[in-house]
Amino acid sequence: MTTPTLSRDDLISLHGFTPLPVDQDAIFQGKPFLHQPTPVPLSSIPYPSSTDPLVAKVQEYAKEKLPIQTYNHSMRVFYWSTIIMQQQLPSLPPISPSTIALTCLLHDIGTTPSNQSSTLLSFEFQGGVIALDLLKELNGNKSQAEAVAEAIIRHQDLGTVGTITALGQILQLATVYDNMSLRPYLIHPDTKAEVNKAYPRKGWSGCFSAAIANEKKLKPWGHTSHLGWEVFENGVRENEFMREVDSWE
């Protein structure tokens with residue numbers, strides 16, 4: 001049996017290209033959340049590596065290439081992303097769980113010491129290039145690979161003007177929740193604890209703030225500068241909302 005060819009509109013929906021405002025305040029209408037968060041057991045969110053060989057291969061790649069703190073962060077971001085999409089943005093066309101997983105696994109690949117020092121590109125752009133090349137090498141779907149790369153390139157492109165892909169916005173919301181606890185009430189406290197127990201931070205706040213400092217040292221022109229180097233680095237390091245779980249091993 002041949003797999004049916006998807007239309008352009010189908011691919012746009014499936015891989016999260018649906019446009020959303022960049023401005024998160026516009027999405028949430030000035031509220032802490034659109035819908036009251038409820039507990040979500042991890043067991044209710046199947047991780048797609050069990051059914052998608054591409055995700056399984058990329059997960060092994062991420063385990064090999066990323067420090068454990070970054071790998072665990074990437075796994076937490078998958079669960080935050082999925083829950084935010086399901087609970088806060090239920091009217092969005094459903095995005096492929098595999099596309100979300102691939103994006104989350106690779107979104108910080110540009111922050112490894114070797115990848116930071118091997119290029120003059122900002123780490124987000126380097127990460128997008130690496131992801132696109134890797135998924136092409138693994139014979140991934142072209143539209144899926146482009147969705148992953150676009151979201152990674154723009155995952156720190158916070159602002160108030162313009163639009164971004166739904167996948168990119170969900171990734172932004174999940175990463176700033178995990179890194180700085182912006183919009184801290186998007187995730188129920190029980191779910192916050194369960195995810196952090198399954199994929200412990202192991203001092204992630206200090207680990208990522210050090211990566212930001214290294215990016216500034218190597219590439220003072222870097223894209224992260226638009227967030228304010230010191231503001232962003234300090235916000236990550238002094239993440240009060242996650243402090244109680246940051247040392248979990």
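How much of the chain over residues 70-180 is helix, how much is strand, and how far apart are the end C-alpha atoms? I looked this up first: the stretch is 68% helix and 3% strand, and its end C-alpha atoms sit 15 Å apart.

Ground rules for my notes. This is a predicted model, where local features need pLDDT of at least 70, side-chain atom pairs count only at pLDDT 80 or more, and totals for chains, interfaces and linings use all residues. Residues are numbered from 1 along each chain as its sequence is written, and side-chain values use heavy atoms, with hydrogens and water left out.

**Whole chain**

I found 13 helices and two strands; helices (H or I, at least four residues) and strands (E, at least two) are DSSP runs, numbered from the N terminus. The radius of gyration, taken over C-alpha atoms, is 17 Å. I noted that the C-alpha trace spans about 55 × 45 × 40 Å along its principal axes.

Next I checked burial. Of the 249 residues, 53% count as buried, where buried means under 20% relative accessible area, exposed over 50%, and partly exposed in between (1.4 Å probe, protein chains only). For contacts (heavy atoms within 4.5 Å), I looked at those with a separation of 6 or more: residues 24 or more positions apart account for 79% of them.

How many of the 10 residues of H5 are buried? Nine are, so I call this helix mostly covered. Among the buried ones are Thr99, Ile100, Thr103 and Cys104. The cover includes H3, H4 (68-88), H7 (123-137), H8 (142-153) and H9 (166-180).

I then took a look at H3 (residues 53-65) against H5 (residues 97-106). They pack at an angle of about 10 degrees with axes 10 Å apart; axes are lines fitted to C-alpha atoms, for helices over the stretch in contact, and angles run from 0 to 180 degrees between N-to-C directions. That makes H3 roughly parallel to H5 (under 35 degrees is roughly parallel, over 145 roughly antiparallel, 65 to 115 roughly perpendicular, the rest oblique). From H3, Leu54, Val55, Val58, Gln59, Tyr61 and Ala62 meet Ser98, Ala101, Leu102, Leu105 and Leu106 of H5. I sorted the residues of this contact into nine nonpolar, two polar and no charged; Ala, Val, Leu, Ile, Met, Phe, Trp, Tyr, Cys and Pro count as nonpolar, Asp, Glu, Lys and Arg as charged, and the others, Gly among them, as polar.

**Single residues**

Alanine 145 is in helix H8 and buried, at 5% relative accessible area. Leaving out residues up to four places away in sequence, I see it touch Leu132 and Leu135. Histidine 15 is 130 residues from alanine 145 along the chain, yet their C-alpha atoms are separated by 9.0 Å.

Which way does phi go in the loop between H9 and H10 (189-198), at serine 181? It is positive, about 55 degrees, although serine 181 is not a glycine. Most residues other than glycine have a negative phi. Arginine 183 lies in that loop too, with a positive phi of about 50 degrees. Serine 181 is buried at 9% relative accessibility, and arginine 183 is buried at 16%.

Methods: The radius of gyration is taken over C-alpha atoms; the globule rule is 2.2 Å times the number of residues to the power 0.38.
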